[in-house]
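Colleague: Hi! Could you walk me through this model? I have a few quick questions.

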Amino acid sequence: MLRRLREPLFVPLAGAVGATALLLRDPHTPGSWGRCPFLVLTGHPCPACGGLRAVDDLLHGNVVAALGSNAYVVATVLLALVTWGVWLVRRVRGLPTGWRPWHGRVASLWLAGLAVFGVLRLVVPALAVLQP
């Protein structure tokens, strides 16, 4: 059974490493994680801008601030947690994940959603509150 759980148990370990890095270097401090190349080149925030701040806010339990930093990242974290939970439960029960035909489509839809979110928060005045 431990062999079946190797991959699902590695994911939170990798996440803990990333979370530790965020807790050690605050992304709310300008320049602490460098500068966004997209922002430097275009002068506009990329769709993922504010993502590190959003995850840091979630790690500190501040969901409202996380939504203000990048709502799409907050939704992505929620989706990732649910997906990981389903994966873990299916592996514990010895069931196949059944994701092979879907993972490419899901990734494509997620990327398209990120692009749409990034554009809409810049051009729709009512969504200006979602800008980083």
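Colleague: How many salt bridges does the count come to?

Modeller: The count comes to 1 salt bridge. Keep in mind that this is a predicted model.

Colleague: Which residue does Arg91 form a salt bridge with, and how far apart are the closest N and O atoms?

Modeller: Arg91 pairs with Glu7, and the closest N and O atoms are 2.8 Å apart. Arg91 lies in helix α4 and Glu7 in helix α1, so the pair ties together parts that are 84 residues apart in sequence.

Colleague: Is Glu7 buried, exposed or partly exposed?

Modeller: Glu7 is partly exposed, as its relative accessible area is 38%.

Colleague: And the charges overall, how far apart are the mean positions of the positive and negative ones?

Modeller: They are 15 Å apart, for 12 positive and 4 negative charges in the protein chain.

Colleague: Okay, stepping back: how many helices and strands make up the secondary structure?

Modeller: The protein chain has 5 helices and 0 strands, and reading along the sequence gives the pattern α-α-α-α-α. Along its principal axes, the C-alpha trace spans about 50 × 35 × 25 Å.

Colleague: What share of the residues is buried?

Modeller: Buried residues account for 21% of the 132 residues in the chain. The chain exposes about 9000 Å², with carbon and sulfur atoms supplying 72% of that area.

Colleague: And among contacts between residues at least 6 apart, what share joins residues at least 24 apart?

Modeller: That share is 55% for the protein chain.

Colleague: Let's zoom in on α3. Which of its residues are buried?

Modeller: Helix α3 covers residues 51-59, and its buried residues are Gly51, Ala54, Asp56 and Asp57.

Colleague: What do those buried residues pack against?

Modeller: They pack against α1, which covers 2-24, and against α4. After α3 comes Gly61, with a positive phi near 80 degrees.

Colleague: Which side chain makes a polar contact with the side chain of Asp57, then?

Modeller: The side chain of Ser69 does, at 3.2 Å. Leaving aside neighbours within four places in sequence, Asp57 is in contact with His28, Asn62, Ala65, Ala66 and Ser69.

Colleague: Where does Ser69 lie?

Modeller: Ser69 is part of helix α4, residues 63-92. With 9% relative accessibility, Ser69 counts as buried.

Colleague: And what is Ser69 in contact with, aside from its neighbours within four places in sequence?

Modeller: Its contacts are Cys49, Gly50, Arg53, Ala54, Asp57, Arg121 and Pro132.

Colleague: Ala54 is on that list. Is Ala54 buried or exposed?

Modeller: Ala54 is buried, and its relative accessible area is 0%. Ala54 lies in α3, and beyond its neighbours within four places in sequence it touches Ala66, Ser69, Asn70, Val73 and Val74. Its C-alpha atom is separated by 7.1 Å from that of Ala65, 11 residues apart along the chain.

Colleague: What about Leu59: buried, exposed or partly exposed?

Modeller: Leu59 counts as partly exposed, at 39% relative accessibility. Leu59 also has its place in helix α3. Neighbours within four places in sequence aside, Leu59 is in contact with Ala19, Leu22 and Leu23.

Colleague: How far is the C-alpha atom of Leu59 from that of Gly113?

Modeller: Those C-alpha atoms are separated by 24 Å, and the two residues are 54 apart along the chain.

Colleague: Last topic: where is Cys36 found?

Modeller: Cys36 sits in the loop between α1 and α2, the latter being 37-42. Apart from neighbours within four places in sequence, Cys36 is in contact with Cys46 and Cys49.

Colleague: And what separates the C-alpha atoms of Cys36 and Ala48?

Modeller: The separation is 9.4 Å, for residues 12 apart along the chain.

Methods
Residues numbered from 1 in each chain as written. Predicted model: local features only at pLDDT ≥ 70, side-chain atom pairs only at ≥ 80, totals over all residues. Heavy atoms only, no water. Helix = DSSP H or I, 4+ residues; strand = E, 2+ residues; numbered from the N terminus. Buried < 20%, exposed > 50% of the residue type's maximum accessible area, 1.4 Å probe, protein only. Polar contact = N/O pair within 3.5 Å; in protein donor to acceptor, adjacent residues only side chain to side chain. Contact = heavy atoms within 4.5 Å. Areas by Shrake-Rupley, 256 points an atom, 1.4 Å probe, with all protein chains shown as cover. Lys, Arg positive; Asp, Glu negative; His and termini not counted. Charge placed at Lys NZ, Arg CZ, Asp CG, Glu CD. Salt bridge = Lys/Arg side-chain N within 4 Å of Asp/Glu carboxyl O.
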